[in-house]
Amino acid sequence: MNAIEYVFVNRHGWSEALAGIKSPHVKYICPHAPVMPVSLNMNMSMPSWFDIIGLSPDSQEDEAGIKQAAENVKALIEQEVKNGIPSNRIILGGFSQGGALSLYTALTTHQKLAGVIALSCWLPLRASFPQGPISGVNKDIAVLQCHGDCDPLVPVMFGSLTVEKLKTMINPANVTFKTYSGMMHSSSLEEMMDVKQFIDKHLPPID
């Protein structure tokens with residue numbers, strides 16, 4: 001196997017969705033979120049990378065939880081680097097909360113990555129980032145952001161606001177935003193084909 005990889009940070013069920021688009025030269029890792037009480041879920045426990053207090057742009061955020069979750073993902077990347085996979089051959093990706101965590105991790109890590117796939121999500125702690133371009137190793141990172149235009153849980157407006165913010169932080173030419181007509185807080189075959197195309201483009205086989 002060539003040394004390239006796609007880490008999909010998400011809850012259960014996505015390994016099956018990815019099975020249909022896998023490329024033979026790519027290793028896929030799907031870590032599961034820990035189970036924890038979630039405020040939005042009446043404090044009942046569910047798989048979650050961090051607490052979610054509300055779903056509006058000005059909702060309070062679980063800053064400590066988001067930062068800790070990002071550190072856990074960075075540690076996972078570091079482990080793969082120790083296993084011989086260069087970080088610039090790793091794409092981070094996720095859906096909803098997992099996509100949000102992937103974006104935040106990519107923008108705060110010191111590890112140069114190949115790209116980010118952010119599905120039906122938002123940029124957490126966006127106010128914590130400075131105005132204007134970031135100066136980190138991923139200032140030119142490729143981002144594929146996808147969103148259903150009928151998403152009732154994370155409205156497509158969140159995706160639009162996120163892509164506007166991203167284009168001020170990293171090279172805007174490398175940010176792609178795709179919306180899918182009629183799609184709710186879910187995925188579709190069309191979206192998964194776009195994900196496959198992005199992975200194949202940014203993680204080509206090594207001769």
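**Exercise 1. Overall surface, size and burial**

How much accessible surface does the protein have, and what share of it belongs to carbon and sulfur atoms? Then describe the size and fold content of this predicted model.

*Solution.* 
Step 1. The accessible surface comes to about 9600 Å², and 56% of it belongs to carbon and sulfur atoms.
Step 2. Compare the radius of gyration with the globule rule. For 207 residues a compact globule would have a radius near 17 Å; the protein has 16 Å, which agrees.
Step 3. Along the principal axes, the C-alpha trace spans about 50 × 35 × 35 Å.
Step 4. Of the 207 residues, 48% count as buried.
Step 5. List the secondary structure. The protein has five helices and eight strands, and their order along the sequence is β-α-β-β-β-α-β-α-β-β-α-β-α.
Step 6. Turn to contacts between residues at least 6 apart in sequence: 68% of these join residues at least 24 apart.

**Exercise 2. A salt bridge between a strand and a helix**

Find which elements hold Lys 27 and Glu 80, and state whether each residue is buried or partly exposed.

*Solution.* 
Step 1. Test the distance. The cut-off for a salt bridge is 4 Å between a side-chain nitrogen of Lys or Arg and a carboxyl oxygen of Asp or Glu. Lys 27 and Glu 80 have an N to O distance of 2.9 Å and form a salt bridge.
Step 2. Locate the partners. Lys 27 is in strand E2 (residues 27-29) and Glu 80 is in helix H2 (residues 63-82). The two residues are 53 apart in the chain, so the bridge links distant parts of it.
Step 3. Classify the exposure. Buried means under 20% relative accessible area and exposed means over 50%, with partly exposed in between. Lys 27, at 28%, is therefore partly exposed, while Glu 80, at 6%, is buried.

**Exercise 3. Salt bridges within helices**

How many salt bridges does the model have in total? Work through the pairs Lys 74 with Glu 71 and Lys 196 with Asp 200.

*Solution.* 
Step 1. The total is four salt bridges. Side chains of opposite charge can pair when their charged atoms come close.
Step 2. Take Lys 74 and Glu 71. Their side chains form a salt bridge at 3.3 Å, N to O. Both residues belong to helix H2 and are three residues apart, about one turn of the helix.
Step 3. Lys 74 has 14% relative accessibility and so counts as buried; Glu 71 has 43% and is partly exposed.
Step 4. Take Lys 196 and Asp 200. This salt bridge also has an N to O distance of 3.3 Å. Both partners sit in helix H5 (residues 189-202), four residues apart, about one turn of the helix.
Step 5. Lys 196 is partly exposed at 24%, and Asp 200 is partly exposed at 28%.

**Exercise 4. The aromatic pair**

How many aromatic pairs are there, and why is the pair of Tyr 104 and Phe 129 classed as it is?

*Solution.* 
Step 1. The count is one aromatic pair.
Step 2. The ring centres of Tyr 104 and Phe 129 are 5.7 Å apart, with the ring planes at 65°. Planes over 60 degrees apart count as edge-to-face, so this pair is edge-to-face.
Step 3. Tyr 104 lies in helix H3, and Phe 129 lies in the loop between E6 and strand E7 (142-148). The pair therefore ties together parts that are 25 residues apart in sequence.
Step 4. Tyr 104 is buried at 7% relative accessibility, and Phe 129 is buried at 8%.

**Exercise 5. Two loop residues**

Where do Ala 114 and Ser 96 lie, and which residues does each touch beyond four places away in sequence?

*Solution.* 
Step 1. Ala 114 is in the loop between helix H3 (97-108) and strand E6 (115-119). Its relative accessible area is 12%, so Ala 114 is buried.
Step 2. Ala 114 touches Ser 87, Asn 88, Arg 89, Ile 90, Ile 91, Ile 141, Ala 142, His 202 and Leu 203.
Step 3. Check the separation from Val 163. Ala 114 and Val 163 are 49 residues apart in sequence and 18 Å apart in space, C-alpha to C-alpha.
Step 4. Ser 96 is in the loop between strand E5 (90-95) and H3. Ser 96 is buried, with a relative accessible area of 10%.
Step 5. The residues that Ser 96 touches are Leu 119, Ser 120, Cys 121, Trp 122, Val 154 and His 185.

Conventions: Residues are numbered from 1 along each chain as its sequence is written. This is a predicted model: local features need pLDDT of at least 70, side-chain atom pairs count only at pLDDT 80 or more; totals for chains, interfaces and linings use all residues. Side-chain values use heavy atoms; hydrogens and water are left out. Buried means under 20% relative accessible area, exposed over 50%, partly exposed in between (1.4 Å probe, protein chains only). Contact means heavy atoms within 4.5 Å. Rings of Phe, Tyr and Trp (its six-membered ring) pair if their centres lie within 6.5 Å; planes under 30 degrees apart count as stacked, over 60 as edge-to-face and the rest as tilted. The radius of gyration is taken over C-alpha atoms; the globule rule is 2.2 Å times the number of residues to the power 0.38. Accessible areas come from the Shrake-Rupley method with a 1.4 Å probe; for residues, only the protein chains shown count as cover.
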